[in-house]
Amino acid sequence: QVQVVESGGGLVQPGGSLRLSCAASEGIYTMYRMGWYRQAPEKQRELVARITSTATEYADSAKGRFTISRDNGKNRMYLQMNNLQPEDTAVYYCHMGSYWGQGTQVTVSS
């Protein structure tokens, strides 16, 4: 099966930026829909952003700050996160087709 691995999480101060990366073991050109989700402690997992071959969509909380992109040639998907705030603290998960990554921790704190 396809393996998906996230990277790029870490600790950042409010207002800072992070770029998350998701690498797939097989070509993502076969996957129509991909996206990033996050789950904060004691919260349900929520959609942050998703991308298809024709469009991108963002949660209201992410609009204007986050940018999702994909590179089929490198089998990668990215999430550029700018102006991060404490409420963005969560484990971020990569979703590609029917596959999920293990998550990467993003912590926004002073």
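Predicted model: local features only at pLDDT ≥ 70, side-chain atom pairs only at ≥ 80, totals over all residues.
Residues are numbered from 1 along each chain as its sequence is written, and side-chain values use heavy atoms, with hydrogens and water left out.

**Exercise 1.** Find how many helices and strands the chain has, and what share of its residues is buried.

*Solution.* Begin with the elements, which are DSSP runs numbered from the N terminus (helices: H or I, at least four residues; strands: E, at least two). The chain has zero helices and eleven strands. Next, take burial, where buried means under 20% relative accessible area, exposed over 50%, and partly exposed in between (1.4 Å probe, protein chains only). By that cut-off, 39% of the 110 residues count as buried. Finally, the C-alpha atoms fill a box of roughly 40 × 25 × 25 Å along the principal axes.

**Exercise 2.** Locate Thr 52, decide whether Thr 52 is buried or exposed, and list its contacts beyond four places in sequence.

*Solution.* First, Thr 52 lies in the loop between β5 (46-51) and β6 (56-58). Second, Thr 52 counts as buried because its relative accessibility is 11%. Third, with neighbours within four places in sequence left aside, Thr 52 is in contact with Tyr 32, Arg 33 and Arg 70, contact meaning heavy atoms within 4.5 Å.
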